[in-house]
Amino acid sequence: MTDVVVVGGGVVGLTTAIALNEAGLRTVVWTAEVPRRTTSAVAGALLGGPVTAEPHEDAVRWRQVSLEIFDELATRPHTGVTAARGRMVSRRGPQPPDWAPGLPGFAECSPEELAGYPAGFWMTSPVADMPCYLDYLVDRLCKSGGDIEVCTVASLEQPTSAAPVVINCAGVAGGTLACDDSVTPVRGQHVVVENPGLTEFFYEVGPDDDWTGFFPHGDRVVLGGNARRGDWNLEPDDRQTADIVKRCAEIEPRLADARVIKVDVGLRPGRPSIRLEEQQVDQGRLIHNYGHGGVGVSMSWGCALDVVKMVSA
Ligand SMILES: Cc1cc2nc3c(=O)[nH]c(=O)nc-3n(C[C@H](O)[C@H](O)[C@H](O)COP(=O)(O)OP(=O)(O)OC[C@H]3O[C@@H](n4cnc5c(N)ncnc54)[C@H](O)[C@@H]3O)c2cc1C
């Protein structure tokens, strides 16, 4: 007997399903794509950054709850999460933003370390090697008694025949399934290269369109990036690839000749605010957990644990 069907096998759906299973609710994930082929697999992913872009009143709490779990995961092997040191820079200067001095490992950059930006600082943060982290989540889900089925639902009513509770964690498609036209894809492209020896991340916070950043994960480095609102195109763009490599190489010259392993494209589920709420429906119970934009990994545990409270209420 299944208690809950989670629609979506990205980071939000897997984390929600794990939290439900570990709370004793037998949960299965129905997903159109395997986790490694989702937007979640494309993310950088920096987990200790600001939540200034997410206006939901619970965003700071969700991030804090998630951060504590990521800090703990970073102490364990084979989770894909590690603690990393790196620079966060901004075109808006000259002072670091108000929230920065409270971050772990905060130290202002020296003029040379600013790499031409007017403001910047060092911090430590958990970072996720997303393909590895998703593998860890799948393994943890299965060990907690959960399961994953690859199937595409045509509507959110479809899974109600399989379980009394359905959770919509379908990312950008979550909006379509919920007839919510406030959801917009925010396309992002990353370039994955062989690591020429980097250990510290670099991230430019602030710009809405093209930003510069790189995240070393073992023998690979994820280079970014950009954000294109309203663009559904999942094909890599060669010009964007060249621009991303060029911008990153201006900061870190060793990246100029690093061999490109692959180019990834993902669609961030853009929405004015995260949707985490129950919707009254005729059959069963329906809870939405989608619309996480560019912070879905950072928010994933906080949102998932709130879903458990809602289901258990
Ligand atoms: C370039 C880039 C960089 C990013 N960097 C960061 C970062 O540093 N930190 C951070 O926190 N976030 C980052 N993000 C954002 C983050 O990736 C997203 O917020 C997050 O992945 C959203 O997760 P999700 O599970 O909601 O959606 P997805 O990962 O898109 O998963 C949606 C799931 O729903 C399934 N699905 C869709 N339709 C159906 C259907 N009809 N039936 C069944 N299943 C369906 C899909 O197959 C998929 O499994 C970044 C995103 C991009 C693109």
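These legends describe close-up views of a predicted model.

Residues are numbered from 1 along each chain as its sequence is written, and side-chain values use heavy atoms, with hydrogens and water left out. Because this is a predicted model, local features need pLDDT of at least 70 and side-chain atom pairs count only at pLDDT 80 or more, while totals for chains, interfaces and linings use all residues.

**View 1. Three domains make up the assignment of the protein.**
Domain 1 is built from three segments, 1-74 + 129-183 + 271-313. Domain 2 covers 81-126, and domain 3 covers 185-269. These bounds come from an automatic or database domain assignment. Between domain 2 and domain 3, the C-alpha centres are 19 Å apart.

**View 2. Domain 2 meets domain 3.**
Here 14 residues of domain 2 contact 12 residues of domain 3; contact means heavy atoms within 4.5 Å. The two domains bury about 1200 Å² between them. Of this area, 57% is on carbon and sulfur atoms. Buried area is the accessible area (1.4 Å probe) that two parts lose on being put together, summed over both.

**View 3. Polar and charged pairs cross from domain 2 to domain 3.**
The count between these domains is 2 salt bridges. A salt bridge is a side-chain nitrogen of Lys or Arg within 4 Å of a carboxyl oxygen of Asp or Glu. E200 pairs with R85 in a salt bridge, with the closest N and O atoms 3.2 Å apart. On the side of domain 2 that touches domain 3, the elements giving two or more residues are β3 (81-90) and β5 (119-128). Strand β3 gives the largest share, 7 residues. By class, this side has 7 nonpolar, 3 polar and 4 charged residues. Ala, Val, Leu, Ile, Met, Phe, Trp, Tyr, Cys and Pro count as nonpolar, Asp, Glu, Lys and Arg as charged, and the others, Gly among them, as polar. Strands (E, at least two residues) and helices (H or I, at least four) are DSSP runs, numbered from the N terminus.

**View 4. The ligand sits among 37 residues.**
The closest are G9, T31, S40, G293 and S298. A polar backbone atom of G293 is 2.6 Å from an oxygen atom of the ligand. For V12, a backbone N or O atom lies 3.1 Å from a ligand oxygen. A32 places a backbone N or O atom 3.0 Å from a ligand nitrogen. A polar contact is a pair of N or O atoms within 3.5 Å; within protein, one must be able to donate a hydrogen and the other to accept it, and residues adjacent in sequence count only if both atoms are side-chain atoms.

**View 5. R36 and D135 form a salt bridge.**
Their closest N and O atoms are 2.8 Å apart. The pair links distant parts of the chain, 99 residues apart. R36 is in the loop between β2 (27-31) and α2 (59-73), and D135 is in helix α3 (residues 130-143).

**View 6. Backbone geometry at G44 to A45, and at H78.**
The peptide bond from G44 to A45 is cis, with omega near -10 degrees. H78 is not a glycine, yet has a positive phi of about 65 degrees. H78 lies in the loop between α2 and β3.

How values were computed:
Near = heavy atom within 4 Å.
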